[in-house]
Amino acid sequence: MLKEMLSLAVAAAMPFISTSDDKRIVKLDFSASPGDAQISRVSGDIYEWNLPDTQAQKISFTLPEMGIDPANYDEIRFDLKPEGSISMFNIKLHDFPEKGELSSWYTKFRTPLGEWTSGRINLHEDDDGVFLSKNRDRFLSLPAGTLEFQLNRRVTAVPGEPVWRKMQIKNPRLVRNIVTLDFSHSAAKTYTADGLFITEYALNVSNRSKKAQTVNIDFDSRKQLKYFSIDAPRQLTLKANEQQTINVKISIDRIQAESLPALFAESCIPEVSIPGVADSEFSPTVGMRAKVLWGVVPIFNPNFPTPAETVPFIEARSKAIPEIAEWREKIISDAEKILSVDWPVYVMMTGFDQHYSCDDCKSPLRPVDETKLDKHKCHKCGKIYTDEKRVLAYARRYRSARMKNILTLAQAWQLSGRDEFAQKALLMLSNYAEKYEQMPRPGYRSTCGGSRLMGGNTLVTAWNLPRISEAYTLLKSYDKLDAKQRKAIEHMIRSEAELTSRHSVEYSNMQAEHMRAYGTAAVAVEAWPLAAEAVCGEFGWHEMVKHAYSSDGVAHEAGAYHKATFGAMSVFAAFLYNQGVNVMTPYFKRAFDGSLSYGLTTGFHITYELAYRVYHDKAYVPVIKAERQRHATEVTAFLGMPGLPEIENVPVKSEQLAGAGYIFLREGSPDNFLELKFNYIQPFDRLEFDRLQTQFFHNGRQIDGGVGRIVYTAACVKWMYQTAAHNTVVVDGQDQRDGSGELIAFNQNSAAVISQGVAAVYPDVSQLRAIAIVDGNFLVFDRMASDKERTYDRYQYGSGKIKLNRKTAALETLPMLPKYGDFINIEAGAAGKSLDISYGGRAKMRIVSDRDMTIVKAATWKGYHPSRCEVSFARVKNTKNASYLAAFTPGQKLPGLKILKSNAELIKLEIKTDKQKYIWTIKPNEKISEIK
């Protein structure tokens, strides 16, 4: 009976949809059943979705109950107009295209504020559903056929960005296409004829209906071309279910092209339609963005060097920059080792290489024979593994190592002129190219899958395709490279480049990696439309420069992912610079400056060599000198500036990055300084609920601790995201929500932030956190306030075994422990209002409170390959308000601490060091934090 009532209720709600007579178009009424989402109809088919705070909202349509089979449709269409700041749709379709599968899409296309932008979701491809489907319990939680829309705020990290968002949505609908068109970027031909430089595409136009159609074609539907012209038919007649291929030429006067910068490009969106038929307009998409035709100025004289040019150049450079000689010797030495091994090509699927570790001791494995896939040994405990998971994991590492080997050999040939290096590199490259079509291509439905080269995952391809592409640019001048080898190698590189270009990941580290991969490959094989996509595309180089970083130069994912984004872009810029293309725009300089402030200047191919050459900023010189001392690189060799100036010691200074919401307090001199890092807008690492956390450093080395990043395959991986995995205050044992803080005050020795209201990291809780450095002591003050009683846990990690100056008792468990911390060896005891803690003898902390505290210590997980570590927290229970004042000190006497006053209007704190007594005054309403 209940089931019948529910069916009748669904039937009664049929204003949910309206259809055309043939049901080719199904409109979705976003206001009919919004649930908790704040959606209202503006007029007609225009809806407004309001996000007043930091939290995402969802609505859903159960399509089978509405009589809709999504398999009968091709696209979800809508128009979007954001207000306030940028938002993003995440769209999911459960148990589609098959039972147990998930389709997942993101509106990854530009949506300028206050403007309508058309959105198109292709139901025949998705973004990451092929991987999300493997985690069924987490992602496939709704009934089969449920179409789910989630609206999220996006943080652009520009000062003054509002918390609220509004999104107007026009005419959301499902559409079945009558006519379609498609084309390949990598198959486009480029040539000069009749004084024109021409890019020629083959467009396939298809009639998917059962009757003949007259089709109009508008090749520049948004009127974007200025320098380029199009030559192609504007109308076709297609028989029922017929496909025709037409040639489209986009041309520019050759002399005019030579006057423009290399890789200057214009795009146009081709559109087919049937006159008088609603929603018959179709233009192709790829990776949820428009698939455009490019008119592009090529690199007319690409740099494919010979050893006859490279060897004397490097010899001369080595005299000016001695570190280059060591780099050259290492390349040649490594290449000689590669020469002696016969490296087989395994035509097989590869697995997730983070599985390549020991079950027992979590240590990395090593192959018993590096040329074979069958046996793997733990270097710590000696256990042998032969299971499929480890074999497939090593297969990926094996293939990745071979891509690196090919590049090393190509570099060694350029640096030495020894033919055996070029011959070996081409043999290995040709072996992969010859067997390329035999390699499996799993996950092709998703744009993040389908790679042959690296077993389906385009991100792993993006790390490796540039290696063989760069190698090929170094080998193209080899006189024994025959036409057959060239054709096979270029087919492999072109195919993987176009496949990698399908995946869009908005302004993320993965987008930077993919862009670099297909951009490098495109230059190597002279596939200029793909090169234009990488440099000028909707999520290409210039768009990434504008939008992938905060206003002060920190990538939106921060931390390790900032380094990944910045590193991929740095090395791509260096590659293009060597090809005569300078993409180092003035605005990109902020990424180098922001990284310098943050201290993220090494790893992931990050180099300041090219930045100094282009921007001439002497602040980069110490970083470059440190880089060269560690190891010179190819960028040092070809682009490093000789004769770096001597830089006088500049006193360290505190900095605030207002866009990212980072504060770096510093005290001391360049050769001996303390640093306190603190965040209140962006996380310090992607997806972590870590706002208002502190990290303490001495001369660049962290002296406290934290859980850090954990390998994604670890059982405890979710722990790294939790608030309690950081040096924070945890409320009622729960994680923070997506929120931020507001800066109250910042000066050279202190700062204060408050998180409350709609953006509060904890709802209905006000948290003021203030930080300072005084006479070599790190100081952190917290005032927690709520209208109801809470439990506040002030977490602090250190390095080494924790010692407390209070008696504790062992406990099996404790109320309100964090969800994924897996705490063991729990001890707790009464601490009163003052407590001292020692962390492994390297540092100690004194913490005082205006409430009686319970001190807790336990063991939890930390580290990339996680192992046990100790953590402490001071708990105050069953109170509305509580304040903490803590001093963390590396290797010296702890200061005296007193909380003299703590309320919403005035905070007065006393700090008594060996030198003198200080009063720290914070007045939130007056924006004051001062220490006297």
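Strand 44 and strand 45 form a hairpin with four residues between them, and Lys-927 in the turn has a positive phi of about 60°. Helices (H or I, at least four residues) and strands (E, at least two) are DSSP runs, numbered from the N terminus. The model is a predicted one, in which local features need pLDDT of at least 70 and side-chain atom pairs count only at pLDDT 80 or more, while totals for chains, interfaces and linings use all residues. Residues are numbered from 1 along each chain as its sequence is written, and side-chain values use heavy atoms, with hydrogens and water left out.

Strand 44 (residues 917–923) and strand 45 (residues 928–931) run antiparallel and are joined by four bridges; two strands pair if DSSP finds at least two bridges between them. Within this pairing, Trp-920 stands opposite Ile-931 of strand 45. Strand 44 is also joined to strand 43 (residues 907–912), again antiparallel, by six bridges. Tyr-918 in strand 44 is the bridge partner of Ile-911, and the hairpin from strand 43 to strand 44 passes through four residues.

An open sheet is formed by three strands in the order 24-25-26, with antiparallel pairing. Strand 24 (365–367) and strand 26 (384–385) stand at its edges; each has a single partner strand, so one side of each is left without a neighbour in the sheet. Strand 25 (residues 376–378) is joined to strand 26 by two bridges, and Lys-377 has Ile-384 in strand 26 as its bridge partner. Helix 7 packs on this sheet and touches strand 24, strand 25 and strand 26; its direction makes about 100° with that of strand 25. Here, axes are lines fitted to C-alpha atoms, for helices over the stretch in contact, and angles run from 0 to 180 degrees between N-to-C directions.

Helix 7 spans residues 388–416 and includes Asn-405. Asn-405 has a relative accessible area of 11% and is therefore buried (buried means under 20%, exposed over 50%, partly exposed in between, with a 1.4 Å probe and protein chains only). Its contacts, leaving aside neighbours within four places in sequence, are Ile-338, Trp-343 and Met-428 (contact means heavy atoms within 4.5 Å). The side chain of Asn-405 also makes a polar contact of 2.8 Å with the side chain of Arg-402; such a contact is a pair of N or O atoms within 3.5 Å, where within protein one must be able to donate a hydrogen and the other to accept it, and residues adjacent in sequence count only if both atoms are side-chain atoms.

## Aromatic pairs and charges over rings

The whole structure contains 40 aromatic pairs. Rings of Phe, Tyr and Trp (its six-membered ring) pair if their centres lie within 6.5 Å, and planes under 30 degrees apart count as stacked, over 60 as edge-to-face and the rest as tilted. Among these pairs is the edge-to-face pair of Tyr-227 and Phe-264, at 5.4 Å centre to centre and with 85° between the planes. This pair links distant parts of the chain, 37 residues apart: Tyr-227 lies in the loop between strand 15 (213–218) and strand 16 (229–231), and Phe-264 in the loop between helix 4 (254–259) and strand 19 (265–268). Tyr-227 is partly exposed at 29% relative accessibility, and Phe-264 is partly exposed at 23%.

Ring pairs also link Trp-541, Tyr-549, Phe-566, Phe-572, Phe-588, Phe-592, Tyr-608, Tyr-615 and Tyr-620 into a cluster. One member, Phe-588, is 183 residues from Asn-405 in sequence and 32 Å from it in space, C-alpha to C-alpha. The charged end of Arg-590 sits over the ring of Tyr-587, 3.8 Å from its centre, and that of Arg-686 over the ring of Tyr-561, 4.0 Å from its centre. The criterion is that NZ of Lys or CZ of Arg is within 6 Å of the ring centre and within 35 degrees of the ring normal.

## Glu-490 in helix 10

Glu-490 is placed in helix 10 (residues 483–501). Glu-490 is buried, its relative accessible area being 16%. Not counting residues up to four places away in sequence, Glu-490 touches Tyr-472, Lys-476 and Val-525.

## Backbone exceptions

Most residues other than glycine have a negative phi, and most peptide bonds are trans. Phe-96 and Pro-97 are joined by a cis peptide bond with omega of about 5°; Pro-97 lies in the loop between strand 7 (87–94) and strand 8 (102–106).

His-616, although not a glycine, has a positive phi of about 60°. This residue is found in the loop between helix 16 (609–615) and helix 17 (621–630) and is exposed, with a relative accessible area of 56%. Asp-775, likewise not a glycine, has a positive phi of about 50°. Asp-775 is in the loop between strand 35 (765–774) and strand 36 (777–797) and counts as buried at 19% relative accessibility.
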